[in-house]
Amino acid sequence: MRVAIIEDHSLLCVGIRSVLAGKSEIQVVGDAATANDGLLLLQTTQPDVAIVDIVLPDYNGLELVRKFRSSNRDDAQTKFLILTGYVDESLVFEAFTSGVSSYCIKTSKSDWLIEALRTTYEGEPWLDPAISRIVLKYARTANAQVKRIDPPLTAQEIEVLELIVQGYRNDVIAERLYISLSTVKSYIRSILDKLHANDRAQAVAISMRAGIIR
């Protein structure tokens, strides 16, 4: 897994590097302290996962994600993991609509950062438990809100979507709902189709915007 770090606090950047250095499967391809330098780093290295802070000296880390996405439309390989000290509903919404896959808090355990990286690399979103609690305030669906999607999500699909919001992997979702893995995958395909989403992270963002999870 090739990882880039975009973080303006030098001590934290060194700390992240130290945590990642102990994992043989992770290679840090570079780091940057500004959004402009970070954009150049991403464009030249095309990492598998980029760890990005939101607050950077020149401009917002989420704007960096959007700039990279717009300049690399044919290359969707790089996934983004936000690592920030901010736990704010509006930032969470903006992050997922900007193309971010995962959201981690700087005060989290180092093991959680590794788990978040691995989950993100494998193509699934990861939400810090602190963020999950915020999002889950919005995760109860009224019938009128469900009807905003045509056809609306079923009760079973909403259950799966809520567990996706909490960052659970497909096998864990299957275990928690007492259904097979193939059934979980079928529900997820249906959710993506109904929401016109390309992936799970985009489905979370769309469902929040549409008021399906609130």
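Colleague: How should I read the words buried, exposed and partly exposed?

Modeller: A residue is called buried when its relative accessible area is under 20%, exposed when that area is over 50%, and partly exposed in between, with a 1.4 Å probe and protein chains only. Please keep in mind that this is a predicted model, in which local features need pLDDT of at least 70 and side-chain atom pairs count only at pLDDT 80 or more, while totals for chains, interfaces and linings use all residues. Residues are numbered from 1 along each chain as its sequence is written, and side-chain values use heavy atoms, with hydrogens and water left out. In this model, 50% of the 214 residues of the chain count as buried, whereas E25, at 32% relative accessibility, counts as partly exposed.

Colleague: Which residue forms a salt bridge with E25?

Modeller: Side chains of opposite charge can pair when their charged atoms come close. A salt bridge is counted here when a side-chain nitrogen of Lys or Arg lies within 4 Å of a carboxyl oxygen of Asp or Glu, and by this rule the count comes to 8. E25 pairs with R118, the closest N and O atoms being 2.5 Å apart. This pair links distant parts of the chain, since R118 belongs to helix α5 and E25 to the loop between α1 and β2 (27-32), 93 residues apart. Helices (H or I, at least four residues) and strands (E, at least two) are DSSP runs, numbered from the N terminus. R118 is also partly exposed, at 34% relative accessibility.

Colleague: Which residues are linked with K106 in a network of salt bridges?

Modeller: The network links K106 with E7 and D53. Within it, the side chains of K106 and E7 meet at 3.2 Å, N to O, and these two residues stand 99 residues apart in the chain. E7 counts as buried because its relative accessibility is 3%, while K106 is partly exposed because its relative accessible area is 27%.
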